[in-house]
Amino acid sequence: MTGRRLVMQVVRFVLAVSSSVAALGGVVSPLAAQHLLLPMDAVQANHLKAYGVTFSALREGVRSEWLLNYRGGAFLLPDLPSLRRAALLAGVTVEAMDAAAVRALRGEMAEGNMDAVPLEKAPRIAVYTPPDAPPWDDAVTLALTYAGIPYDAIWDDAVLDTDLSTYDWIHLHHEDFTGQQHKLASVYRDAPWFVRSRERDLAMARRFGHADIPALKKAVADRLAAFVSRGGFLFAMCGSTETLELALAGRDVDIAGVAADGSPVDPGADGKMEWTRAMAFAGATLEMAPGVNAMSDIDGHQVNVPLRRQPLGTFALFGFSAKFDPVASMLVQNHRTVLRDYFGVTTSFTRNRLKPGVTILAEEAGAPWVKYVHGSFGRGSWTYLGGHDPEDPQHAVGAPPTDLALHPNSPGYRLILNNVLFPAAKQKPLKT
Amino acid sequence: MIAQRSQVRRLVYAIGGALLLASPLAAQPDPAAAVLTRAMDAENQGRAREAIAAYREAIARGAVIPGVLGLERAFSLVAQEDSVLPALDTLVARFPREAALRNAQLRALVAVGRATEANRAFDAWRAVDPESIDPYRDYARVLLFNGRMASADTVLGEAVRRLGSTRGMLLEVAQLRAGLGRWTEAASAWREVMRAEPYYEMAAFFSMQPTPVALRDSVRVRWGVATAPLGAQQALAQLEVAWGAPRRGWELLASLPVRDTTVAIWEQFAQEVERVEAWGVLTEVVVAIQRARPSSAQALRAARIATRAGADTLALGLVREAQQDPVSERRVAEAVPIELEVLARLGRAAEAERVLAAASKTLGPEGTRRQARTIAMAWIRAGDVDRARRAVRAAPLEDADAVSGWLALYDGEIGTARTALRQADPPDPLRIEVLALLTRTTATRSQAIGAAYLALARGDSTRAVRAFEQVATELPEVASLAILSAARVQSARGDTAGAAERWALIVERYASAPEAAEALLEWGRLARRTGDRAAARARFEQLILTHPTSALVPQARRELDGLAMEARR
C-alpha cells in the first residue's frame, strides 16, 4: 500500500467517525469543528432547506463552498454558531469536519470529477409574479419561501420602471409574454380570477402607454432580455420560457389572437419572426388557431391540446465535468439522476427548435424533446426548465398548493434551487 | 437454495415430460409406457441407478422425450448432470429439430459449465432452423436461469441482428434487463410482457422489487398510468407495498372501475397490505371491497380491520352492516363481541348493555357472561364506577386485568393500578397516558390522581383540572405532567388563557422536563392562531433548540414553515 493511499484511508476513517458523530440526533455535532459539511446525497434530511442554510451563510458575509459532484453537490461552510443554529432549526443534516478531514476531502476531490466552487455573496433575487399571487402559485416562490431564501416580488411596473441591475437573478414562471394569457380565454373567460388578471394587465398597459396587453408584455420581455444581456441571470419555468422567446422574436409582428388584441394573428407571422432577438430557440412555428391551446411547436408535450398531448416519462440529468464545465455542473447537482417528468403549460422543449450552442442539461432519452436547458445571452445567462411544479405532475388550474414539507428531498425542486445559488458563484473565473 | 432450485427444475422437467407425452415423438409405441412408469416409480423412491437404467430402456423403446427428461432428472439426483450428454448427442443427431432435446442439451452443458460446447450446440440448432426464434429464446432462458446475464444479453442481441426483433422473447428481455440492473428498460419490457400475458404480474413484481429508490419513479411512470396494462398496475401496487408505501399502491388501484376483476385485484392487494400491517390502508381496501360486493362476512372482516386501525366509528357502522340482512346466529355471535368492544371504546356503555341483552339468546349464558368484562370496561370509560363494579361481578377477570386496574385507579389505589394497567391488554392511548404519569412516581395511593381521571371519564373538565393541580402539589415528581394534563383539558374545552398560563408555567419552572416541548409547541400554536407571529416563532425555535431530540421537533419545523408562508402572503 502506498503512503498516499494509507493517508487517504486514515483520513476517510476520520471523516467517517466525524460524520457519524455529527449526524447523531439528525443534525449537528455538539463538538466545535472548523467546518460544517452539508451533505447533499441520500444522507441529507432536508435537501431544500440546505440551500437556505447556505444562503443564510452568504447573507452573513460568510464565504462558503459548493462541492460539485461530491456527495450530491454538498456545501462546505465555516463552523459558526449561527449556522449550526440555522441548520438545527431547519432540520438540515450537517457533519462537523476538522482541518484534517477537509484536507482529505480536497484530496479526494482533486482525484475525481469534482471541484469546489467558492460562493461569495448572496444573490439579490427578484421573482416576476403578480402582486396578489400567493407563494404556492409558483414553484420558485414556493421553494424560496420554504428554504427561507428572501426575494423581491416584481411585476410589470417594476420591470419597466426600475433599474433591474440591482438584481442578480430574476425568475419567471407561468406568465404569457405574448399577452394572450395562455389562450385560456376560451375556457375561463368568465372566471373571476381570469377577469381580474385581464383587467389588471389592461390597466397596467394603459399606464405605460401601450394599446393592449400583448404590447405591454412584449415591452416587459424586451426589458428582461436587456437585463440578461447586461450580465443578469434569468431562470424561467413553465409557459414563461416559450412565450418570452416568442415575444422577443415577434416583437414587430402581430402574434396575438383576436381575444388578446382585437385583431387576428398576422397570417405571415412565422416568416416575420426575428429569431436573432431570441435567446434559446429559432425557427419555431406559431400555433395560429385561437381555439388550440398551444403557443407554438417549441413545447414537446402540448398538454392542453388533446390530440397532440404526449404522456409524461422520466428525464435524466446529464453529468458534466466539474473542473471544466462548472456552470452546467452547478445546475445539475442532485442526489438523483433520473427524475419523474411533470406537466406545465410548456412542459418540454422540442430538440430541433433549440439554437446551436444551447447546453442541454436534462432530456428524456429517445424523445424529440428536452427538459432543462441553459445558455448565454450577451454578458448574462439564462436557464429554462419545463413544467410547472416538480411535485405535482398533472398540475391543473385550481389544484391545491404543494406542501413542500412533504417533499423536503424533492430532486425536482433542487434544480430550481441550484439556479438560485448559481449566481453566488458567478464571480469565480470560469475555466471554460 | 440450491436444493430448492433443483426441486423446481425437477418439477419443470416432470411437467414438461408429461406434456410431451402428447407430442408426436412421445406418442410412439405403447410398450414404453410400462417401462416409463417403472422408471418414474424408481426415481420417486430415490433409486436413481434403477431409474437411469429404466429411462434408457424407455428411450430405446421409443419414448424419447420423457425418457431423456427422466434421465436428466435421475442423473441430477446423483450429481452427474453431464452423464446425460452422450445420450443427447445421439438423439439430437437423430431428431435435429426437436426443441425439447436441444433444450435439454443446452441445460446440461450450461449447468456443468461447458460454455464453449453450449455455444456450439446453440449454433448447431440455429443452423438447422435459421428462421426460428426458439434457439435464441431457449438458450437465453437457460443462461438467465443460471445467472449468466451477460451471455444471455449477447444471445438476445444476436436474435435482434439475425431476426430483426425480440418480439417473441419479451419475457426473456424483461428478465434480462432486470437481471442486468437496467431498471428503466426492464420496466418497459415487463409492461409489454404484461400487455400480452397479464398473468405475469407476479413475475414482474419479483423481478422489479430490487429497483433502487432513485429509479423507482421510472417504474411508476411506466406501470402506473391508465394506459398501462392492468397487470402492470397491479404489480406496481404490490411493489409500492414492498417498497414501504402501501398507500401509494392503494391510490393506484382505488380508481379502477368496479368490476369482478378489480375486486379480485383488491383482495390480493389486501393480503399484501395485511402482511405489512398497514391497518389504515387495509381498512380503506376492505371497505372498498364491501362497497363493491357487499356481504355480511365482508362487512365483519372490514369491521375487525377498522378496529385495528382505531377507526371505531367506521367499525361500528360496518359491524352493524354485517347484521343488517337476515343473518345466521353464528354471524351474530361473531359480530356482537366486536360491536361491544367498539361501543366500550367509545364509552357508550348503556348502548352496549342493550346490544348484549338483545343478543343474549344467541350468545347463550356463557357467551353473555364472557362479554360482561367488555360491558364493565364500557362503564369505566363512561366513568360510572358503580355500574362497572356491578357488571364486573359476572365477568371472568384475570389477576392483572385492565378492568381491575381502572377501578383501582379511580379508587386512588395507584400502586395496584400501575401493575394491572401495565400488564393487561394491548395498550390504548389513554392507558399509555395514565401509565406515563403512574410510572413517574413510587407512591401507592393518590386520591387526586383517581379523581382526575374519573372526572375526565365523566366529562367533568373543571373538576379534572382542579384534581390535576392537586396532583402537581401533592406529588412534585409528576408535577410537570400533571400541569400539562390540566392544560390539555383546558385547551380542549376552549379555555386557551388558562391553558397558556399552565404552558408558561411548565416552560418557566420545568424547562428541562419532557413536557416543556409540548408546552412550547402548544403555546406557540396559540400565539400563531392569535396572530402573534413573533412570539410563535420564538417558541417554536426554543422548542427545536432546547429539545432537539423531541418527537415534536418536526411539528415545530412545520409550524415555522407555515409562519414563513403566512409572512409572504
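This is a predicted model: local features need pLDDT of at least 70, side-chain atom pairs count only at pLDDT 80 or more; totals for chains, interfaces and linings use all residues.
Residues are numbered from 1 along each chain as its sequence is written, and chains are lettered from A and ligands numbered from 1 in the order in which they are written.

**Chain A as a whole**

Select chain A, which has 14 helices and 15 strands, taken as DSSP runs numbered from the N terminus (H or I of at least four residues for helices, E of at least two for strands). Of its 432 residues, 53% count as buried, a residue being buried if 20 or more other C-beta atoms, placed from the backbone, lie within 10 Å of its own, exposed if 12 or fewer do, and partly exposed in between. Among the contacts in chain A with a separation of 6 or more, 74% come from residues 24 or more positions apart; a contact requires C-beta atoms, placed from the backbone, within 7 Å.

**The five-stranded sheet**

Next, display the open sheet of five strands in chain A, whose order is β4-β1-β3-β2-β5 with antiparallel pairing; two strands pair if DSSP finds at least two bridges between them. At its edges stand β4 (95–97) and β5 (115–119) of chain A, each with a single partner strand, so one side of each is left without a neighbour in the sheet. On average, neighbouring strands are turned by 25 degrees against each other, direction ignored. Strand β2 (residues 64–68) of chain A is joined to β5(A) by five bridges, and A:Trp66 has A:Val117 as its bridge partner in β5(A).

**Strand β15 of chain A**

Move to residues 380–385 of chain A: six of the six residues of strand β15 are buried, so this strand is largely enclosed by the rest of the structure. From β15(A), A:Gly380, A:Trp382 and A:Tyr384 point one way, and A:Ser381, A:Thr383 and A:Leu385 the other way. Strand β9 (residues 233–237) of chain A runs parallel to β15(A), with five bridges, and A:Met237 stands opposite A:Leu385. Strand β14 (residues 369–377) of chain A runs antiparallel to β15(A), with six bridges, including the one between A:Phe377 and A:Gly380. In the hairpin of β14(A) and β15(A), with two residues between the strands, A:Gly378 takes a positive phi near 60 degrees.

**Where the chains meet**

With both chains shown, 20 residues of chain A are in contact with 20 residues of chain B. On the chain A side, the elements giving two or more residues are α3 (81–90), α5 (139–147) and β11 (338–340), and α3(A) gives the most, with three residues.

**Two helices of chain B**

Finally, select helix α21 (residues 349–370) and helix α22 (residues 372–382) of chain B, which pack at an angle of about 165 degrees with their axes 10 Å apart. α21(B) and α22(B) are therefore roughly antiparallel to each other, a term for angles over 145 degrees. Residues making the contact include B:Leu356 of α21(B) and B:Trp379 of α22(B).

Conventions
Axes are lines fitted to C-alpha atoms, for helices over the stretch in contact, and angles run from 0 to 180 degrees between N-to-C directions. Angles under 35 degrees count as roughly parallel, over 145 as roughly antiparallel, 65 to 115 as roughly perpendicular and the rest as oblique. Two residues are in contact if their C-beta atoms, placed from the backbone, lie within 7 Å.
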